[in-house]
Amino acid sequence: MKKSLIAVALGTALLAGCGEKQAQAPEVAQQKQTTASSAGKAELGSFGVDLAARNLAIKPGDDFFMYASGTWYDNFEMPADKTRYGAFTALAERSEKQVKEIIDDITSRKDLNAEEKMVADFYHAYMDVETINKKGISPIQPTLDEISAAKSVSDLTKIFGQAWLTGVSSPLSGGMWFNRLDPNKYEMSLGASGLGLPDRSYYLEQSERFEKTRAAYVAHIAEMLAFAGIENGADRAQAILALETKIAEGHWPREKRRDRDLTLNQIKRSDLASQYPGFDWDLYFEQTGYQVPQLNMSQPEPIKAMISLINSEDINVWKDYLTYHAISGNAGLLSEDIFNTNFAFYGTELSGQQEPRPRWKRAISQMSGTQSLGFAIGKVYVERYFPESSKVQMAELVENLRKALGERIDGLDWMGEETKVNARAKLAAFNPKIGYPDVWQEFDGLTINKSDLVGNVKNMREFFRADSVAKELQKTDRNRWGMTPQRVNAYYNSSFNEIVFPAAILQPPFFDPNADAAVNYGAIGAVIGHEMGHGFDDQGSKSDANGIQRNWWTDEDRAAFEAKADMLADQYSKYEPIPDNFVNGRNSLGENIGDVGGLAMAYHAYKLSLNGKEAPVIDGVTGDQRFFLAWAQVWKEKRTEQSMLNQLRAGTHAPGQFRALAPRNHDAWYKAFDVQPGDALYLPEDQRVRIW
């Protein structure tokens, strides 16, 4: 489904990406719950891995994903409300149920504090389908009226500037980011946007698959325009597609958009008119409230292309475009007929989802982000479900991984001492955040009404925009989190050189205090290594220990690194999950470096934890086998074909079935599973990518 731009964005590299949206106050006397089924016993199997999920008829060296999870994969039926399902999804559903328990408790009580009342009222407003249906499209009528009244490019500029608050789409969009040359300062970052389909390739490729999608998109647009009483919808929808196709032609490919050298283009506000003429920048920023003394133009040529389209394309087509996106962008908040029509395209046609998620889950998703009530709920989530002992254990694991990576840096044969000094400094400066923020988001001044869902969302957007505007010229807040505690994910923020692990991911199969050490190192240990690896991937490595984007490499060492990265990009680009549709090894390179490097760090740390002793064999499975099985089962997943295509074209992560294959770059995996030449996954030693 389409997502709105957030007003304050965090520069993060996510672990999961493109997953199901995650969810997200009891009586104080209630004790915390733990996730282990009983003290001292692993939740999965006898040691933390689901051995029954394996398909022992498949050789590990031919398909390690199916060896580790093939029985599960062959027998699992995709729920009708899902487009993908795997370890992340299962854990996200657990988080959703836990959050639902929190909300049910809050809504059953009368003695609510201010934050609890906001949670209760917002949830009631979302679940009050009768009132929502009676209102129909009327909650966004003021936005539609403003669009209808537009008569000039200036009027369009105002609407584009208000896009965040109104939920419409804009060919230009931005958010408050961190100044990449001075992370102690905020800075507006602006780029090109404005597409209704997942990626520019959906507009530009001429295969039958994409032609069918475009035809369905046109039919969908016409249906949505009808809710606004627009006649001749088919022709007008076709004109919208033509406009969006021109927008797509002006966009950079995704692999280019993630290049930090290309996307760092700082400019003073006073120079905008001369370097990016034809657009009223003062009028645009006037709508946002930001002062914007300086900003970063992340995509210079695409921004200029968008300005050209704004000035040259028929204003009536722009108005139809804005009308459609206003309805579609807010469909989840409007009456069921509007929502269902939007879902028929974005859910079923585009993603293969057969039915919507239950309304209570959609409510929790709407409430659980960082730009919603997510931290108000997260505070209670932590009290109930996150034992402090898990935070302590996790902190120990992080330090073990830090030690392992330090030793690996010392032993690199392709990196010289001058660069190693800088790499060690960056490693030492890594700041881990575990579980939950030290300082919680406050909601003073936010108004929530139990019978006005669209109004509540608009109030929250205005609240967070005002908060961002107030902090624009202040020193950056390093206590802020880019995810709520109930989110099943993790991230690395290059500007703060921090690795962040929300509470909800610190559960099986990722982390179990009662699991065997090999399992925890192969799962959450590799996750820690993955996030550390983002600090040293092809883009994260362009920032130093202080989060400043600068070159801290010698030319020789950088060239050696790029050669290894190129090998990994080529390796992943050969994976073909759909005929004629391959993994984009260049676009997913940062994540693949994170996986391959993180796994190496975790294995090294696991070996250190054994203190020279041999790991025991448990249920016939060696320590090394348990380590790699834990990794592979973390990436257990099943997808619809449409979801797979979306991931290939619009995601920065390789699909899980290929992330599970990262061990083929590690010598220990070959020994653990007796992988030999002739096996499908076998790589000669000189083709195994060893970076970190």
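Biologist: By class, how many nonpolar, polar and charged residues does the lining of the largest pocket have?

Modeller: A quick caveat: this is a predicted model, where local features need pLDDT of at least 70, side-chain atom pairs count only at pLDDT 80 or more, and totals for chains, interfaces and linings use all residues. Residues are numbered from 1 along each chain as its sequence is written, and side-chain values use heavy atoms, leaving out hydrogens and water. A pocket, on a 1 Å grid over the protein atoms alone, is an open set of points where a 1.4 Å probe fits, with protein on both sides within 12 Å along at least five of seven lines; lining residues have an atom within 4 Å of a point. Here the lining has 13 nonpolar, five polar and five charged residues, with Ala, Val, Leu, Ile, Met, Phe, Trp, Tyr, Cys and Pro as nonpolar, Asp, Glu, Lys and Arg as charged, and the others, Gly among them, as polar.

Biologist: Which helix gives the most to that lining?

Modeller: Helices are DSSP runs (H or I, at least four residues), numbered from the N terminus. H24 leads with seven residues.

Biologist: And which residues touch the most other members of the largest nonpolar core?

Modeller: A nonpolar core joins buried (under 20% relative accessible area, 1.4 Å probe, protein chains only) Ala, Val, Leu, Ile, Met, Phe, Trp, Tyr and Cys residues through side-chain atoms within 4.5 Å. Among the 195 residues here, they're Phe64, Trp281, Phe628 and Trp692. A second, separate core of five residues includes Phe375 and Trp481.

Biologist: What is Phe628 in contact with, beyond four places in sequence?

Modeller: Contact means heavy atoms within 4.5 Å. Phe628's partners include Phe64, Leu599, His666 and Trp669.

Biologist: Which residues of H6 are buried?

Modeller: In H6 (residues 153-161), they're Leu156, Thr157, Ile159, Phe160 and Gly161.

Technical notes
Buried < 20%, exposed > 50% of the residue type's maximum accessible area, 1.4 Å probe, protein only. Helix = DSSP H or I, 4+ residues; strand = E, 2+ residues; numbered from the N terminus.
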